[in-house]
Amino acid sequence: MKKSILLVICTIAIIFLMLCTPKHEKMENRMKQFISGYEAKIIPLYKEANLASWNANITGTDADWAKSEKASFELARIFTDSTAFAELKELKLSGLVTDSLLARQLELLYNAYLGGQVDPALLAEQIKMETEISKKYSNFRVNLNGKELSDNQIEEILRNSTSNKDLQAAWEGHKMIGPVVAQEIIMLVKHRNMIARKIGFANYHEMSLKLSGQEPAEVTSIFDELDNLTRDNFALLKSEIDNYFAKHYKIKTSDLKPWHYQNRYFQEAPEIYFIDFDKYYENQDPVKLVAEFYDGIGLNVDAILAKSDLYEKPGKNQHAFSTDIDRSGDVRTLDNVKPDSYWMNTMLHELGHGVYSYYNDMSLPFVLRDAAHAFTTEAIANMFGRLAKDPLWMQNMGLIDSAESKKIADVSRKALRLEMLVFSRWAQVMYRFEKSMYENPDQDLNQQWWNMVEQYQMLAKPEGRNMPDWATKIHVALYPCYYHNYLLGEVLASQWYSYITANVSRNPSFVGDKAVGDYLREKVFLPGSRYYWNDMIERSTGEKLTAKYYARQFVQ
Ligand SMILES: [Zn+2]
């Protein structure tokens with residue numbers, strides 16, 4: 001009886017396979033064909049665009065920037081091909097591309113091409129609006145008692161002045177950019193929403209996240225988890241900050257205003273703990289240290305450093321970045337190294353991006369030879385960057401002795417905790433405000449901004465204030481729907497750090513432990529983007545992305 005049932009099942013299965021396989025195979029072959037055509041076009045343009053951008057960032061000449069712009073445009077143009085998109089759509093809807101590598105490439109390529117299917121006239125209009133707004137931000141100077149001040153000068157006043165009057169004037173003066181750009185931003189937001197709806201999304205926020213491979217509900221739930229885990233501790237720290245500043249400015253805590261926190265947005269930790277990390281680095285060479293450290297954990301970076309542009313030059317970009325020129329081993333960083341703690345952190349950070357790219361799996365198809373998501377490479381970079389202010393790391397790298405390390409351990413931990421908690425509450429404001437703004441740009445945005453600031457940063461709105469303060473943050477207008485990735489990067493950095501220190505290495509400074517490099521190469525770098533980011537995180541830590549470890553590290 002059992003035998004005959006088995007026979008029937010087998011026969012059905014064989015007939016099923018006979019009927020399906022050809023179609024299945026046909027679709028997968030079409031996908032393979034698509035990929036080889038795509039690779040033939042993209043690989044040379046990708047390299048050319050990256051090299052052009054690299055050159056422009058180093059020389060800063062108009063001619064090189066024009067070349068870079070042209071190469072980026074040629075690269076972006078690939079994704080506007082509507083025939084190619086129709087093919088991808090058919091392959092996707094068929095549900096017959098099931099081989100894991102092909103299916104993953106289909107998913108990534110489908111999203112990339114979907115983002116390119118915007119009416120060119122609408123896109124041109126969007127870029128025009130963005131350029132106009134961008135000019136207004138660039139040209140804006142705060143007018144204070146007849147003097148014109150830059151953003152940096154405003155930050156300096158907020159950080160150093162103890163005059164309540166000057167602080168208020170600097171903060172309010174800076175906020176005057178709000179009314180200059182607010183109406184245009186609302187029009188831009190509505191325009192972006194229209195574009196998003198035309199290609200099938202509810203609004204631009206949803207489109208941005210989904211096309212980058214993030215589910216808005218998944219991101220929101222991490223932010224909710226983080227809010228719950230940090231709220232009480234942040235409230236405690238906030239009252240510590242308030243007590244400090246009340247004394248500092250000689251006012252009552254109830255009279256503290258948003259201009260009393262040393263920053264335009266209260267996005268960075270105010271200086272309430274005093275420790276000078278720069279003095280530990282003034283006689284050091286961050287390049288030598290970074291090479292030594294990464295080599296010690298089994299991720300040699302000599303090839304990356306050899307191609308990098310390390311020091312200041314006229315015309316050169318003054319910041320830092322890492323770039324993967326060809327996904328085949330040409331990885332470089334641009335830096336402006338100086339012997340201080342900022343550049344030690346930055347070098348560890350950029351080389352973190354660097355090793356993620358450099359140690360990829362060359363046998364993977366081009367599409368998958370990339371980080372699982374922008375924030376996963378940010379997480380690796382942050383995890384290493386944090387070491388620059390870690391007394392144990394400094395001790396094990398031979399920068400300080402154990403007595404000094406012990407002496408500064410407590411205040412270093414407190415300073416990092418403050419930095420992380422202040423930033424995390426600010427990122428909550430940015431994420432939730434942007435989401436809400438794209439869902440309903442016609443609401444009272446001025447009030448909505450302060451609702452968020454009061455709820456998450458626990459700052460009180462100055463009485464009677466009704467100004468577009470949300471519009472003063474340039475990211476809201478010009479770098480939309482990306483800010484949340486900075487916080488996700490910090491959250492994941494803590495999850496990996498905690499996993500590694502519990503399961504991979506007994507050395508919390510990582511110094512000299514090759515097991516750290518082996519683990520990261522195998523579990524994070526080699527997989528590239530072959531798995532959905534949260535699956536990669538689960539495969540490498542046993543859990544999906546969670547705020548638990550970030551809280552464990554910084555809340556107590
Ligand atoms: Zn980075």
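Helix α17 passes helix α20 in a left-handed crossing, a term used when the near helix is turned anticlockwise from the far one by less than a right angle, with clockwise making it right-handed. Helices here (H or I, at least four residues) and strands (E, at least two) are DSSP runs, numbered from the N terminus. Before going on, note that this is a predicted model, where local features need pLDDT of at least 70, side-chain atom pairs count only at pLDDT 80 or more, and totals for chains, interfaces and linings use all residues. Residues are numbered from 1 along each chain as its sequence is written, and side-chain values use heavy atoms, with hydrogens and water left out.

Back to the two helices. The axes of α17 (residues 402–439) and α20 (residues 484–503) come within 9 Å and cross at roughly 140°; axes are lines fitted to C-alpha atoms, for helices over the stretch in contact, and angles run from 0 to 180 degrees between N-to-C directions. On the α17 side, Met-420, Phe-423, Ser-424, Ala-427 and Tyr-431 make the contact, and α20 brings His-484, Tyr-486, Leu-487 and Glu-490. Contact means heavy atoms within 4.5 Å.

Now for the metal. His-349 (NE2), His-353 (NE2) and Glu-378 (OE) coordinate the zinc ion at 2.0 to 2.1 Å. Along the chain, these donors are spaced as H-x3-H-x24-E. His-353 sits in helix α14 (residues 341–358) and Glu-378 in helix α15 (residues 374–385), so this pair links parts of the chain 25 residues apart. Donors are N, O and S atoms within 2.8 Å of the metal (3.2 Å for Na, K and Ca), and because water is not among the atoms, sites may look incomplete. His-353 and Glu-378 are both buried, meaning under 20% relative accessible area, while exposed is over 50% and partly exposed lies in between (1.4 Å probe, protein chains only).

Val-290, in helix α12 (residues 286–296), is another buried residue, at 0% relative accessibility. Leaving aside residues up to four places away in sequence, Val-290 touches Val-301, Leu-305, Met-344, Met-347, Leu-348 and Leu-351.

Strands β3 (residues 321–324) and β4 (residues 331–334) run antiparallel, joined by 4 bridges; strands pair if DSSP finds at least two bridges between them. Thr-323 has Arg-332 in β4 as its bridge partner.
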